[in-house]
Amino acid sequence: MAAPHDYKHAPLGVDSGSLDVELVGDSKKETPSRRLFLALLVCCHSPLLFGFSLGFTSPAQASMEGDAKGDVAAPPGLTVFTPADFTMYAAVLNIGAVVGAFAGSSAMDRFGRKGALMLSAVPHLVAWGATIFISQRLLLQLMRMLTGFAVGMGSSVAPIYIAEIAPSALKGTFGTLMQLSVCIGILFANIAGDYGFVVEQISGEHFCNWRKLSLWSVAMALVLAAIAFAPESPKWLAQRGRKLEAQLALRMLRNGDTSAEEGRLFEEDDEAPGAKHHHGHSHRLSDYRMSVVVVVGLMVFQQLSGINAIMMYATDICSTAGLENAEAATLAIMVAQVVLTAITGALVETAGRRSLMQLAGVLMCAAHFGLAYYMKAQGAGWWAPSWLALSSLCIFIVGFGVGMGPIPWIVISEVFPVEVVASASSLATAVMWTCSFIVCMGFRGLEMTIGSSQVFALFGFFCLLCFAFVTAVVPETKGK
């Protein structure tokens, strides 16, 4: 067992061996069960709601602000904000998420991973249900903050639950489901808001009916609540000394004889230094300082990579590059992000976590400097081919999709033992949402102060620092 300060120490019960366990005198192998895939499907509605909540404001903005399309005004019943109010409405999600991330830690430890996910469905149901009917600005902003609370809570719990029920040989692959679901949620919100739940006005102009769009979140929250019927994390049960329940949960999540995995799970739990129910004292997060540096640093660089700026500018970049339907091109970029994140699930167990994040840092850095030059060249009348902007945009999406998007979520559960992983996940998630809030609120002001070209160059510098950080500090955690 590694010392408490060793940032390469993996959560208890995780073994780097193969998923397939050949049994003596029996040819049957241990494989994932149908119950495992159903549990993952239900659990992934938490990051789906995460992505849907982020993407919701994009199609809803025009009708919520009452923006006119040509000479056609938005329907009065959907107009509730001024532009300044809407900016705050979009941003308060991050504030609620920071609080929710810390609430997720105590809920995970007290009620278990499954119980915490069930609890996170409640504020989603209340907030989105109320959003369908209310029009008061303050109440809508409070409901948005409550949505953020639920998103923050779920985003700290879901990656831990996924990691702890996954077979060790598929842990990295399953870990990408978190970011994949977020990307799908964002994409779905934009497609449904732009093409599905719309109100047609005179002259054929369409506006998003954000009240009906909110119904989808209610439906997804109800599915998330069905996690009550899924097995609890065997690792959490074992760490609590509930070995019989841990055995039953593991047997529901696997086909075949689970005795070998049970032996590893309980042996490592019995040997865990500082496990409260064995030794009368517990691990502290401060005992794993290097692990804290790793996960907090990755979450900071995930947001400072400029993903929000890229998505904000995607339509403008496609438009200035001469594409006739820039909005459709932006949706295509979102689809590409979903596909690339899915591809990462196949690569992460072979290429490794660290090498993919290093590749991501290089690609994102090059993409930002390419965009910085393009924007500077356009203003100065220099050579600025449209393919440079489009290729830079695509290169960034490739880098983020295969590296800094999904992998930080995987690493969290691989550098901490089960006793402190809940606190670690909540801290990392809170840092992520804090950085997201800072970037969202500060991006436009910084752009007006120093110019868009310099802002993208700054993001490029952050991506260069990200590469250096991963190279110097982050260990390879494949198989941990």
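How many of the 21 residues of α2 are buried? The answer comes at the second stop of this tour.

**Before selecting anything**

This is a predicted model, in which local features need pLDDT of at least 70 and side-chain atom pairs count only at pLDDT 80 or more, while totals for chains, interfaces and linings use all residues. Residues are numbered from 1 along each chain as its sequence is written, and side-chain values use heavy atoms, with hydrogens and water left out.

**Stop 1: the whole chain**

Show the protein chain as a cartoon: 19 helices and four strands are present. Helices (H or I, at least four residues) and strands (E, at least two) are DSSP runs, numbered from the N terminus. Of the 480 residues, 55% count as buried. Buried means under 20% relative accessible area, exposed means over 50%, and partly exposed lies in between, with a 1.4 Å probe and protein chains only.

The accessible surface of the chain comes to about 18,700 Å², and carbon and sulfur atoms hold 64% of that. These areas come from the Shrake-Rupley method with a 1.4 Å probe; for residues, only the protein chains shown count as cover. Among contacts with a separation of 6 or more, 81% join residues 24 or more positions apart. Contact means heavy atoms within 4.5 Å.

**Stop 2: helix α2**

Select residues 45-65, which form α2. Of its 21 residues, 17 are buried, so the helix is largely enclosed by the rest of the structure. At 1.5 Å a residue α2 should span 30 Å, and its end C-alpha atoms are 29 Å apart, which agrees. The expected span is 1.5 Å times one less than the number of residues in a helix.

Pick P59 next: α2 bends there by about 50 degrees. The bend is the angle between axes fitted to the seven residues ending at a residue and the seven starting there. Just after the helix, G66 takes a positive phi of about 75 degrees.

**Stop 3: cysteines**

Select C43, which is buried at a relative accessible area of 0%. The closest cysteine sulfur to that of C43 is in C44, 5.6 Å away, too far for a bond. A search of the whole structure finds zero disulfides, a disulfide being a pair of cysteine sulfur atoms within 2.5 Å.

**Stop 4**

Move to α19, residues 452-472, where 21 residues reach 30 Å, close to the 30 Å expected. Its buried residues include F456, F459, C463, C466 and F469.

**Stop 5: contacts across the sequence**

Which helix holds I184? Select residues 177-196, helix α6, to find I184. I184 is partly exposed at 35% relative accessibility. Its contacts, not counting residues up to four places away in sequence, are L48 and V338.

Select α14, residues 326-351, and pick L340. L340 is buried at 15% relative accessible area. Leaving aside neighbours within four places in sequence, L340 is in contact with I397, V398, G401 and V402. L340 and I397 are 57 residues apart in sequence and 8.2 Å apart in space, C-alpha to C-alpha.

V218 is in α7, residues 210-225. At 18% relative accessibility V218 counts as buried. Its contacts beyond four places in sequence are L125, W128, G129 and I132. From V218 to H124, 94 residues apart along the chain, the C-alpha separation is 7.1 Å.

**Stop 6: the nonpolar cores**

Finish with L298, M404 and F416, which touch the most other members of the largest nonpolar core, a set of 94 residues. Another core, of 27 residues, lies apart from it and has F56, L213, A221 and L224 among its members. A nonpolar core is a set of buried Ala, Val, Leu, Ile, Met, Phe, Trp, Tyr and Cys residues joined through side-chain atoms within 4.5 Å. Around L298, display M357, M404, P408, V411, F469, V470 and V474, which L298 touches when residues up to four places away in sequence are not counted.
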